[in-house]
Structures are given as structure tokens and as C-alpha cells.
Amino acid sequence: MTVREQIAQLGVLPVVVIDDAADASPLAEALLAGGVNAAEITMRTAAGRDAIAAVAKACPQMMVGAGTVLNADAAEAAVAAGSRFIVSPGLDPDVAAVCQSHGVDYLPGVVTPTEITKAVSMGLTWLKFFPASNFGGAKTIKALAAPFTMVRFMPTGGVSPDNLEEYLKLSCIFACGASYLAERSLIKEGNWAEITERCRRAVEKVKSVRG
Ligand code: 3PG
């Protein structure tokens with residue numbers, strides 16, 4: 001199974017903003033305890049890269065990827081740190097090229113039909129829809145999926161326990177990206193139990209929606 005297929009099987013992907021790389025391993029353990037074996041650690045903080053490296057080393061059973069990858073240098077750094085997939089808020093051909101050269105899955109962010117057309121022409125069909133709630137959420141994804149039958153979407157941005165089900169019900173959605181699963185403040189507080197509980201509930205929801 002490819003990494004993206006494993007994320008699809010999981011159905012949810014925590015988007016992690018981490019301030020201290022020392023929190024990375026306990027965070028990974030908390031996610032795993034809640035049944036979540038993948039995480040997107042964003043490169044938007046100074047600790048992001050070290051956190052990816054720490055999880056890749058200490059928790060091989062956790063599929064760690066990098067988020068907020070905005071250029072080729074960041075993509076190279078993320079892959080060198082042990083990222084098994086790369087996520088961007090937008091679509092960047094240079095990042096795509098780095099991912100392709102390393103055989104790492106790239107999940108670029110798109111919103112419009114033109115952006116999706118561009119991604120598909122680059123051979124990318126597993127796409128992040130971002131920021132999902134601002135651009136019409138599940139309703140928009142459903143409309144986009146009609147012509148783009150080859151695309152699978154990962155809505156991110158505004159995903160919450162209240163709308164998780166609405167997204168997961170759509171067969172064109174392979175997973176939902178969400179920061180609430182490992183909220184920044186919970187990581188800072190070291191509230192691992194709450195993170196585990198949020199993950200556990202989300203995994204349960206995936207199972208109940210998908211049957
Ligand atoms: C991100 O920070 O990359 C996403 O916007 C996460 O969105 P959320 O905080 O609404 O889950």
C-alpha cells in the first residue's frame with residue numbers, strides 16, 4: 001500500500017503545529033494510542049523539521065509527513081528529515097519535482113477547477129482541498145468531483161468533530177486533515193490524554209461512517 005493509500009485507510013490526518021521538538025515523540029505516542037498512525041507536521045515553526053526527524057527515528061510505526069512545504073528547499077529538507085509524504089497549501093511544480101525524485105507522495109492544495117486541471121496534468125490526483133470550509137466545504141468538493149472523477153480529495157481547514165461525518169460520507173474524499181486532533185495548545189500543555197481521546201473519537205467516526 002502506498003503512503004497515501006494508508007492515509008486513506010486511516011481517514012483522518014492530524015495537522016500538527018509544534019513549538020518544541022522534544023514534544024514530538026510523546027505526541028506520536030499519543031496519536032498512536034488513539035489509533036492514528038499518520039501525522040502531518042508542519043514546517044511553519046522552527047521546530048517542525050527536528051520534530052519530523054525525531055518521530056521518524058523514535059516511532060517508525062508512525063507515518064510522518066511534512067506540511068506547509070512551500071518550496072523545493074523545504075521539500076528536500078523535509079525528505080532528508082524522514083518525511084514519507086509532503087503536503088503544501090498550494091500546488092508547486094518544484095516541490096512536485098522533488099517529491100517525484102525521491103518517490104515521496106505529494107498532496108498539494110487546490111481549490112479551483114483550473115488548479116485541479118493543472119495538478120491532474122502533472123499526474124497528481126490525490127489533492128488537498130484547502131481551506132475547505134472557506135471555499136464551500138463538502139458541497140464544493142462534491143461539485144468538483146463531478147467532472148474530476150479521477151481526483152480524490154483531502155479537505156483541510158475548518159474540519160471539526162461537527163462536520164467530519166459530512167466530509168467522510170463522500171466517496172471522493174480519502175481523508176480529512178485537521179489540527180484539532182492534536183491542537184497546538186494541547187501539545188504545549190502536554191495534554192496527551194486529550195489528544196489520544198480526540199483521535200480515538202475521530203477513528204471511531206471514520207469506522208461508523210464507512211461501515
Ligand atoms: C493548516 O493549518 O494547515 C490547516 O489550515 C489546518 O486547518 P484547521 O486548523 O482548521 O484544522
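This is a predicted model: local features need pLDDT of at least 70, side-chain atom pairs count only at pLDDT 80 or more; totals for chains, interfaces and linings use all residues.
Hi everyone, let's begin with helices H2 and H3, which cross in a right-handed way. Residues are numbered from 1 along each chain as its sequence is written, and side-chain values use heavy atoms, with hydrogens and water left out.

Helices here are DSSP runs of H or I with at least four residues, strands are runs of E with at least two, and both are numbered from the N terminus.

Back to our pair. The axes of H2 and H3 (residues 48-58) come within 8 Å and cross at roughly 60°. Those axes are lines fitted to C-alpha atoms over the stretch in contact, with angles from 0 to 180 degrees between N-to-C directions. H2 is therefore oblique to H3; under 35 degrees counts as roughly parallel, over 145 as roughly antiparallel, 65 to 115 as roughly perpendicular, and the rest as oblique. On the H2 side, Ala24, Ser25 and Ala28 meet Ala51, Ala54, Val55 and Ala58 of H3, where contact means heavy atoms within 4.5 Å.

H2 (residues 24-33) also packs against H10 (residues 192-210), at an angle of about 35° and with the axes 7 Å apart. Pro26, Leu27, Ala30, Leu31 and Ala33 of H2 make this contact with Trp192, Ile195, Thr196 and Cys199 of H10. The crossing of H2 and H10 is right-handed.

How do H4 and H5 lie relative to each other, roughly parallel or roughly antiparallel? They are roughly parallel: the axes of H4 (residues 72-80) and H5 (residues 93-102) cross at roughly 30° and come within 8 Å. H4 passes H5 in a right-handed crossing.

Now to the strands. An open sheet of three strands runs in the order E6-E7-E8, with parallel pairing. E6 (109-110) and E8 (152-155) are at the edges with a single partner strand each, so one side of each has no neighbour in the sheet. Two strands pair if DSSP finds at least two bridges between them; E7 (residues 126-129) and E8 have four bridges, in the parallel sense. Within that pairing, Phe129 stands opposite Pro155 of E8.

Finally, the backbone. Most residues other than glycine have a negative phi, and most peptide bonds are trans. Yet the bond from Phe130 to Pro131 is cis, with omega near -10°, and Pro131 lies in the loop between E7 and H7 (137-145). Thr68, not a glycine, has a positive phi of about 55°; its place is the loop between E3 (63-67) and H4.

Key: A crossing is left-handed if the near helix is turned anticlockwise from the far one by less than a right angle, and right-handed if clockwise.
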